Amino acid sequence: MAAMGPLGGDPYALRCVSDLPPPFRPVFGFRYFNSLQSECFPVCFLSDVNMVVSAPTGSGKTVLFELCILRLLSRFLTSESRFSLVKGTLKTIYIAPMKALVQEKMRDWKTKLGSLGINCLEMTGDSEFYNMVIHDSDLILTTPEKFDYMSRNGIRDGGLGFFSDIALVLIDEVHLLNDPRGASLEAAFSWPGRTSKFAAL
């Protein structure tokens, strides 16, 4: 885990959305990140270190996830800051404990990231998955139980090839590890996959 200190020695300094590469700025509908987002900006967007953040509801933690996603997508920026996505090659997995939360993020991120050409896929208890759809997806949103089921059953049908493409894992409501459902969540992010970054809020 990385220690997050004040930016430039000033604990009140706010990062501006214009600090992002031009293709990523339209993702946010405001000019400045708040204090939490600004303090976490170097870890979320300027590094690949793992992170766990605990902050109150309404403090803007979702933006931290979005900065982590953009950090991964920055690998597709050209030297002229043009964005050229190679679909399905670097996947983000978002895991949330409730289907309603998964669906909310699905709607939100399809709107925010759709202009970048990001393919979002919802995988919950009511949705079936197919290998081709998964392989073409860039952002997979799921619940711990569904991800655990997918990883266990995919072994039998050879459908785990996409695991090697997972480069970012986002865990929402990670405090539910202490919940009766925590075993599924623990299993979901303890799979032996290769990730460049892990973020839990």
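Colleague: Which residues of α1 are buried?

Modeller: In this predicted model, whose residues are numbered from 1 along each chain as its sequence is written, the buried residues of α1 are Leu36, Gln37, Ser38, Cys40, Phe41, Val43, Cys44 and Phe45. Buried means under 20% relative accessible area, exposed over 50%, and partly exposed in between, with a 1.4 Å probe and protein chains only. Local features need pLDDT of at least 70 and side-chain atom pairs count only at pLDDT 80 or more, while totals for chains, interfaces and linings use all residues, and side-chain values use heavy atoms, with hydrogens and water left out.

Colleague: And what covers them?

Modeller: The cover over the buried residues of α1 includes β1, α2 and β6 (197-200), where contact means heavy atoms within 4.5 Å. Helices (H or I, at least four residues) and strands (E, at least two) are DSSP runs, numbered from the N terminus.

Colleague: What caps the N-terminal end of α1?

Modeller: Asn34 does, with a side-chain oxygen 3.1 Å from the backbone nitrogen of Leu36. A polar contact is a pair of N or O atoms within 3.5 Å; within protein, one must be able to donate a hydrogen and the other to accept it, and residues adjacent in sequence count only if both atoms are side-chain atoms.

Colleague: Which residues does Ser59 contact, leaving aside its neighbours within four places in sequence?

Modeller: Ser59 is then in contact with Asn34, Leu36 and Gln37. Ser59 belongs to the loop between β1 (51-52) and α2, is buried at a relative accessible area of 16%, and has a polar side-chain atom 2.6 Å from the backbone oxygen of Pro56.

Colleague: Changing topic, how many disulfides are there?

Modeller: The structure holds zero disulfides, a disulfide being a pair of cysteine sulfur atoms within 2.5 Å. For Cys40, the nearest cysteine sulfur is that of Cys44, 5.2 Å away.

Colleague: Is Cys40 buried or exposed?

Modeller: Cys40 is buried, with a relative accessible area of 2%, and Cys120 also counts as buried, at 17% relative accessibility.

Colleague: What about the largest nonpolar core, which residues touch the most other members?

Modeller: Leu20 and Leu70 do, in a core of 43 residues. A nonpolar core is a set of buried Ala, Val, Leu, Ile, Met, Phe, Trp, Tyr and Cys residues joined through side-chain atoms within 4.5 Å. At least two residues of this core come from each of α1 (35-45), α2 (61-73), α3 (99-113), β4 (139-142) and β5 (166-171), and α2 gives the most, with nine residues. Apart from this core lies another, of 16 residues, among them Ile134, Phe147, Ile166 and Phe198.

Colleague: You mentioned α3; which of its residues are buried?

Modeller: In α3, Leu101, Val102, Lys105, Met106, Trp109 and Leu113 are buried. Seen down the axis of α3, these residues fall within an arc of 140°, so they line one face of the helix; the arc is that of the directions from the helix axis to the C-beta atoms. On the other side of α3, Ala100, Arg107 and Thr111 are exposed.

Colleague: What covers that buried side of α3?

Modeller: The cover over the buried residues of α3 includes α2, β2 (91-95), β3 (120-123), β4 and β5.

Colleague: Last one, how many helices and strands does the protein have?

Modeller: There are six helices and six strands, and along the sequence they follow the pattern α-β-α-β-α-β-α-β-α-β-α-β. Of the 201 residues of the protein, 47% count as buried.
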